[in-house]
Amino acid sequence: MQSDASRSALASRLLTAEEQVRALASWQARRNAVALEQAAMWLNVPSTCSHCRPEVACDGLAQPASSEAAGAAEDPWASRSGAPVAADPFGLPPARGFVEVCGIELACRDAPEAGGGLAAPQAGPGIGASAPEPGHDASGTISAGHCFVATSTVRRNLEAAALVLCQGLPLLLEGPPGAGKTRLIEELAARTGNAGTMVRVHLDDQMDAKSLLGAYVCTAVPGEFAWQPGPLTQAVSEGRWVLVEDINMAPGDVLAALAPLLESRVLHVSSRGMVVPAAPGFQLIATVTSSPTSGGSGGHGAYGMSNMVKELLGGLWRTVRVDAPSDAEQMAMLSTAYPSLLPLLPAAVGALCLIQAAGGHGSSGTATSSGAGAAPSAGFQLTAAGPQPMDTSDDGAGECAAGRQQQREESRRGSWHALAEEALEAAGVRRGDLALHLGRHFSLRDVFKWCDRMTHLHSALLRGRTYGQAMRAQRKSSAASLGTATPAASVAAVDQPPPDLASLDPRIREAAFVEAADCFAALVARPEARMKLLKALAALWCAPAGSPEQWEQLAKPQLSVLEGAGFTEERRLLVGRVTLPVMTDQQDGQDGTAAKGGAGGGSASAPGGGSGSGSTFARTGHAMRVMERIAAALACNEPVLLVGETGTGKTTMLSRMAGLVGAQLVSFNLSQQTDSSDLLGGFKPVEPRDALAPLLPTFSSLIRRTWTRGNNDEYLSRVAKLAERRKWSQLLAAFRGALTKVHDAGLATGSSAAAAAASAAAAGADGGGTDAAEAAEAAAEKGGKPAKKRKVGGGQPPLSEALRHEWRVFSADLAAAERAAAVAEGGFAFAFVEGVLVKALRHGWWLLLDEINLAPAEVLERLAGLLETGGGAAAGGSGASGSVVLLERGDTVAVPRHPNFRLVAAMNPATDAGKHELPAALRNRFTEMWVPEPAGREDLAALVAAYLAGVGPSPPVDAAVDFYLAAKTEAEARLVDGAGQKPAYNLRTLARALDYARAATPSYGLQRALYDGAAMAFLTQLAPSSAPRMEALIAKHLLPGVKNVRSLLRAPPEPAGSTHVLFEAFWLERGPLELPGGGREEDGSGRRFVMTPSVRGHLTNLARAVLIRKHPILLQGPTSAGKTSLVAYLAAQTGHTFLRINNHEHTDLQASY
């Protein structure tokens, strides 16, 4: 071997300097050519690999031709000659145990699972759309028959992520909301066979490293603890994929625990002193949601700083920026996911462009559009007949290069941008005018939500003949312009003119406008801004004249229950355009005790299936319109966020709807002290009641659905009495007796022999429920042994597979409860008690999270998993099908989500103390609605008439409405309360006054009851300077013709029974204690009570509020003003017990409970 110096000397003797330079350049060129040829041998073109070929069936990636037409110029992998490039130069398949993704081979965990279907039910519409099978409802679940739309942006994102995963490196995905970060990982997990075993983790500030690594937990044996590995430890040891959502929310100790795992694939569990090496197949993936306006820098995340993760963990992450799809790609996804909405999709994307322009946001993936007053960029103009092409021919000799570049950019934006600009101009809205009224970011997710609503709620209209002709014409036109007849490429060409909406059925245009108004305009609070947006949407959709006014204030949807036509057809609740199934089975046996939440940071109540049905409800036009919007969102399984001032009826309308549907509504009031364990659960001391009582509602429901004949109520009431009397052993025996009866009858099996045995066993029962009652009752008496069956006549049909599965689950739950009850019977035991959120999720209840903006951000982050969209959104829908993982219990599998579960949140605007805006990424996933107070006189009259019905032949409805409107006007102008602030009068104030009047009228008369009700609700909170003005309003409107009000305030005759005490002209119910011997001058503690005129007035107001024993009372005043003395004195004078609780900033609610 010669040294470099020897070679240089030899070259200088043989070649000149010029020849040496030419030789070196030739050698470098040859070496580069060889390197490129070697790279071509091993790298496959992503657009033509087996994973992304257009001809791949629905279990692969479907490449829309529109995406190729729109992005061929910018695709570096496109063939310059136009000829197809082979996926593999040698035609070799992927190696055994590997799967090919965009030309990159990834290790495959499970060969049968890999390459088929989508990942998990949690999917988002960002990076691609899953097209449902023909006839499949878009709101359904994802199956293997769905396809994945591979656009150019999707391929780039997919290839970048696959390149990191093939090296086994940790992957960090960062991008704006709706870009498809989670959806991308789900597709990769499905392709590599990791979808079924992937562990999802949602972090928050309250989660420590022990929740992920593991901890010692108590067992069923008192005093015994066992090691419970956390989900991360289990995933590392078993070689699973771990997806950490919003890792920038993780506290410092969690990031520190991840450092050795990222660096050397080794997990250190310091609390146990063990080191867990990562098994083959383990992969750590994390996501960060960046602000939509942060561009590609990725600085601020939606919940904090994404750069913090990179700074603390250095360069251990491999970051991939997930870009949002362009407008053309969005159209390709929509057209693939919803081929039945083909003629409406350009206007649907135009609605998104319209709302983004009105809010001053640029469309994702495109340049910022011009103002509303500019000329239409794509050459279309809105007319009465719909969008029409404009003459854009150039009269000059030519255009400059800058003009041609601008024209190319505008043409790539698509015609829907021009439609949006013209619609805004028609409504008089300029770009950014509504920025202050649109408090959230709109993305493609909202368009998918609109599409899902159209297919789910208006499927009958979409099957019309006129619409079918328009859809076929649009497909034919799009295919001709693209030179292909691929259905997936039907409308994605950006230069394709929009269809003539005016030629469509007016009912379809009106339905499209109504759903767009619900999705895009229902959250706007100010009526003027909301009407402008409604007019712009109506112009975009060519909606019939008067549609905005009809949606806003004129429509009064119908509310009724539709009976089923036969035994197989279920009853349904009709709310305007929406129908909801009546869940009679779920209502059976559901009681409030099973849904009580923890008392740590919030309060839970379960009104039951009939919630709201016993209270007064007025079917005003305002209430019906809001209920229809809520019903439309719940029918599509969308999480709902109700925003409005206090007393506008948010909870009342939801309770009424739940009562009519038969759903179990559980209300949980959040606060600043709410902890995530209050919602999810935690380890708590248990008693036998805690183990057995939660099974009673499920048991009652199973009994009613298994034995449909006979009298079940009598038997179930006897079982319920066992729980009330705390006879746990007999209750357990009753449960076991029913299970034995089901097993002996063969009802829990699915074979035909078992079915025959079931009929024979039940042949002697004179009633299914009676037979079950006798068997279980006898079992309770004989220690769990079933009673002998009588053969009398009749028959019991075999159970469905779903009901048999419920019995098997109940049997397993009963076995676990029996073990826990046996341990708790003899001592003190701990167990994991599920919170109200998990119970509602598991049993299919409706969950109302009231005052959600009072909860800490770390608690709200645990709800992110519930808001993940599933089959509906990935397939073009928005139906949420996400769940939560109980990391505190060491679970790695999400809690099964019942199909009837619905999530509704309510909050007041973030203007009061302690209330804040929801995190952006969380708020964007809700269907937000502003619930205003009804201002129309007709609605107020209907409300007053509903409350005063039955109090007299002609109740003063108009007088009460006049008084309420005058009181609100006076409050805005001159009135002040005791704290010097303007009093807030709302519907709750009016309803409280009317409710008082209705309750007091039989004893005190209508005029006296109206006066006392108005004084209690409107007068007593005012400052002394404002009280005379309110008294004058009460006398003017509610007491016409009464000259001396004092003469009206006389005590009525004493009620029968001698059970009341006369106190300041009010007959108050007497308590169990003896009255003070000193009469009115004694305060109950042996001291003298001084009665001054001001004190007498306060006692009168207090006695008036106590009269009907229904509403809570708040006494406001300075220190030592005598507030406590007033309550103690009134309690002593009426014979009631007085209990005083001193609260302070460190008071724990558990101490009170």
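**A walk through the helices**

Among contacts in the protein chain between residues at least 6 apart in sequence, 77% join residues at least 24 apart. This is a predicted model. The protein chain has 1153 residues, and buried residues make up 51% of them. DSSP runs give 43 helices and 29 strands in the protein chain.

Helix α5 spans residues 181–191 and is mostly covered. Eleven of its eleven residues are buried. The buried residues of α5 include K181, R183, E186, E187 and R191. L184, I185, L188, A189 and A190 of α5 are buried too, as is T182. Just after α5 comes G193, with a positive phi of about 80°.

Helix α7 covers residues 231–238. Six of its eight residues are buried, so α7 is largely enclosed by the rest of the structure. Those buried in α7 are P231, L232, T233, Q234, A235 and V236. G239 follows α7, and its phi is positive as well, near 75°.

Next, a helix pair. Helix α17 (residues 506–521) packs against helix α19 (residues 547–554). Their axes lie 10 Å apart, at an angle of about 55°. The crossing of α17 and α19 is right-handed. From α17, the contact uses F513, V514, A517 and D518. From α19, S547, P548 and W551 meet them. By class, the residues of this contact divide into five nonpolar, one polar and one charged. The spacing within a helix can be read against a simple rule. An α-helix has 3.6 residues a turn, so residues three or four places apart point the same way.

A second pair sits further along the chain. Helix α25 (residues 695–706) and helix α26 (residues 712–724) have axes that come within 11 Å and cross at roughly 165°. Angles over 145 degrees count as roughly antiparallel, so α25 is roughly antiparallel to α26. The crossing of α25 past α26 is right-handed. On the α25 side, L696, F699, S700, I703 and R704 make the contact. By class, the contact of α25 with α26 has eight nonpolar, two polar and two charged residues.

Ring pairs link F699, Y715, F735, W807 and F810 into a cluster. With a cut-off of 6.5 Å between ring centres, the count comes to 13 aromatic pairs. How are the rings of F735 and F810 placed? Their centres are 5.7 Å apart and their planes stand at 80°, so the pair is edge-to-face. F735 lies in helix α27 (residues 728–744) and F810 in helix α30 (residues 801–826), so this pair ties together parts that are 75 residues apart in sequence. Both F735 and F810 are buried.

Last, an exposed position. E972 belongs to helix α36 (residues 957–973). Is E972 buried or exposed? Its relative accessibility is 55%, so E972 counts as exposed. P983 comes eleven residues away along the chain, and the C-alpha atoms of E972 and P983 are separated by 8.1 Å.

Notes. Residues numbered from 1 in each chain as written. Predicted model: local features only at pLDDT ≥ 70, side-chain atom pairs only at ≥ 80, totals over all residues. Heavy atoms only, no water. Axes fitted to C-alpha atoms, helices over the stretch in contact; angles between N-to-C directions. Helix = DSSP H or I, 4+ residues; strand = E, 2+ residues; numbered from the N terminus. Parallel < 35°, antiparallel > 145°, perpendicular 65-115°, else oblique. Left-handed = near helix turned anticlockwise from the far one by under 90°. Contact = heavy atoms within 4.5 Å. Nonpolar A, V, L, I, M, F, W, Y, C, P; charged D, E, K, R; others polar. Buried < 20%, exposed > 50% of the residue type's maximum accessible area, 1.4 Å probe, protein only. Phe/Tyr/Trp six-rings, centres within 6.5 Å; stacked < 30°, edge-to-face > 60°.
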